[in-house]
Amino acid sequence: MKCDTFLIKYAEIGTKGKNRYVFEDILCKRIRVRLKELGSFEVKRDYGRIYVYANSEYDYDDVMERLTKIFGIVGVCPVLRTTLDLSKEDGGFDDIAETLIKHFENEFDSFDFSFKMFVKRNNKSFPITSMEMDARLGEVLLKKYEDEGLHVDIHTPDIKVYVEIRDQVYIYSKIIPGPGGLPTGTNGRGLALLSGGIDSPVATYMIAKRGVEMEAVYFNAPPYTSERAKDKVKKLGTICSEYAGPIRLHIVNFTDMQLCIYDKCPHDELTIIMKRYMYRMAEEIAKKEGLECIVTGESIGQVSSQTAQSLLVINEVINEIPVYRPLIGMDKQEIINLSQKIDTYETSILPYEDCCTIFVAKHPVTKPHLDVIKRSEEKLKGVIEPIYEKAMSTIETVVLK
């Protein structure tokens, strides 16, 4: 399929009332950025529609791959278009019919299927009504392809053929699904706790889908975790960036923090206490970077540190910035299904462990009490503070895109 135009469809943006143009403009900007290196493209918006015009040669598959991963887009339609000739009594019907035939020749290898016409006459200067255009264009197609099996079915057609009459005439019959949601950058900025597991990339994706521009933090633990574990997290962040745009990843060297907690605190409380310090660090990074939320991949009851009691105790260290847990009510299979859909699953299951799995106790506490955890943390006073400061002052930041 080769075309010079793509019609971009959106859904939720259309509900934004007087602010709608803001969302449309940001979506247009995202499209321009994503297509910039693939050729020369012009992105324009019309009421309820965004069009991408190709002004140079391009690779169709590459362009479609990019467009169908931009948040805010619910559908991408490869379009053939032709001009109106309103000086003619029929508005240039023959040109429209010729373009429709060309579209069918480009789009389909055989014609043994049913179809229905959907003509939308937005330009009221066009002299033929929508219903009359439905009938006349349908007749053109049947005359050309009826002997090859093409037939009309107005109730359950195999193919829906759309003709939109605006400043030009746009013809398409495929709507390739996009991810939906809201354009990245329309709902502030957040910080995801990104590990090498299945859950956190999915959580990052879900919050980014709501228009939040994402950064991420990864807690590295060399030599207990390998360089491959860090590369795995970078790859997961890069996959997320295909949807969310560039992601700044803050890499914290957490080894000395873990060793200090391991030496001083009860081992059944290790995961809870380590996570409390991760949350403290995440909030400090978020405040420094001007971010409005922290995002985690926790699902209630999935592991010992994600019981209701554990989450209550872990969350207690957060003072100012809200924590969003988009997976909180999902079971593991639902999360896996979504990770497969966004192509993070195969990377997530690579056998390179992160820092949490290395220091997990044999029998971790599942119903921690806040006062008990705080008493255990008292043993760290005077020892962990300089280690904490060193970890925060040696953060490595890379941009994933």
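**Side-chain contacts in a predicted model**

A salt bridge of 3.0 Å, N to O, joins the side chains of E107 and K174; the term stands for a side-chain nitrogen of Lys or Arg within 4 Å of a carboxyl oxygen of Asp or Glu. The two residues come from distant parts of the chain, 67 residues apart, with E107 in helix α3 (residues 93-107) and K174 in the loop between β8 and β9 (176-177). Helices (H or I, at least four residues) and strands (E, at least two) are DSSP runs, numbered from the N terminus. E107 is buried at a relative accessible area of 11%, while K174, at 39%, is partly exposed. Buried means under 20% relative accessible area, exposed over 50%, and partly exposed in between (1.4 Å probe, protein chains only).

The model is predicted, so local features need pLDDT of at least 70 and side-chain atom pairs count only at pLDDT 80 or more, whereas totals for chains, interfaces and linings use all residues. Residues are numbered from 1 along each chain as its sequence is written, and side-chain values use heavy atoms, with hydrogens and water left out.

By the salt-bridge rule the count comes to 29. D4 and R81 form one of them, with their closest N and O atoms 3.8 Å apart. Since D4 lies in the segment before β1 (5-9) and R81 in strand β4 (residues 75-83), this pair ties together parts that are 77 residues apart in sequence. D4 is partly exposed at 30% relative accessibility, and R81 is partly exposed at 27%.

Another salt bridge, 2.7 Å from N to O, is made by R276 and E377. R276 belongs to helix α8 (residues 270-289) and E377 to helix α13 (residues 370-378), 101 residues apart. Both R276 and E377 are buried. They also belong to a network of salt bridges that links R276, R280, E316, K374 and E377.

R280 also lies over the face of Y277, 4.4 Å from the ring centre. A charge sits over a ring if NZ of Lys or CZ of Arg is within 6 Å of the ring centre and within 35 degrees of the ring normal. The charged end of R136 is placed over the ring of F93, 4.1 Å from its centre.

Rings can also pair with rings. A search of the whole structure finds 18 aromatic pairs. Rings of Phe, Tyr and Trp (its six-membered ring) pair if their centres lie within 6.5 Å; planes under 30 degrees apart count as stacked, over 60 as edge-to-face and the rest as tilted. Y51 and Y170 are stacked, because their ring centres are 4.3 Å apart and their planes are at 20 degrees. Y51 is in strand β3 (residues 49-54) and Y170 in strand β8 (residues 168-172), 119 residues apart. Y51 is buried at 2% relative accessibility, and Y170 is buried at 0%.
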